[in-house]
Amino acid sequence: MALIQQLVDEGCELPKIYLACGTEDSLIGPNRAYRDLFREKGYDLTYYEGPGTHSWDFWDQEIKKVLDWLPLNDVNQGATSGSVGA
């Protein structure tokens, strides 16, 4: 959480974040805390929670949403293999 505050304090461009968690996952509490912190700090956050545990069953479904969310068709967004070592 200290890194989040440091980025805000330094005026860094904040990354977009996708966060998802199953409602039966033992990590639902910490995920909700991070969700609230990201929103409070002004992050562009996409958050999802739904039925599921900390398991591949949950993530097999969720990864499809993540792939749709990623800016894969926008070559001007994010790092690519071409920017390594640049």
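Buried residues have under 20% relative accessible area, exposed residues over 50%, and partly exposed residues lie in between (1.4 Å probe, protein chains only). The legends below describe a predicted model, in which local features need pLDDT of at least 70, side-chain atom pairs count only at pLDDT 80 or more, and totals for chains, interfaces and linings use all residues. Residues are numbered from 1 along each chain as its sequence is written, and side-chain values use heavy atoms, with hydrogens and water left out.

**View A. The salt bridge of E62 and K65 in helix α3.** E62 and K65 form a salt bridge (a side-chain nitrogen of Lys or Arg within 4 Å of a carboxyl oxygen of Asp or Glu), with their closest N and O atoms 3.3 Å apart. Both residues belong to helix α3 and are separated by three residues, about one turn of the helix; helices (H or I, at least four residues) and strands (E, at least two) are DSSP runs, numbered from the N terminus. K65 is partly exposed, at 35% relative accessible area, whereas E62 is buried, at 1%.

**View B. The salt bridges of E49 with R32 and R35.** The side chains of E49 and R32 meet in a salt bridge of 2.7 Å, N to O. This pair links distant parts of the chain, since R32 lies in helix α2 and E49 in strand β2, 17 residues apart. E49 also forms a salt bridge with R35, where the closest N and O atoms are 3.9 Å apart; R35 in helix α2 and E49 in strand β2 are 14 residues apart. R32 is partly exposed, with 33% relative accessible area, and E49 is partly exposed at 26%, but R35 counts as buried at 17%.

**View C. The pairing of strands β1 and β2.** Strand β1 (residues 17-22) pairs with strand β2 (residues 45-50) in the parallel sense over six bridges; pairing requires that DSSP find at least two bridges between two strands. Within β2, Y47 is the bridge partner of L19.

View D. The structure holds zero disulfides, a disulfide being a pair of cysteine sulfur atoms within 2.5 Å. C21 is buried, with a relative accessible area of 2%, while C12 is partly exposed at 30%.

**View E. The position of L70.** L70 is located in the segment after α3 (56-69). The residue is partly exposed, with a relative accessible area of 31%.
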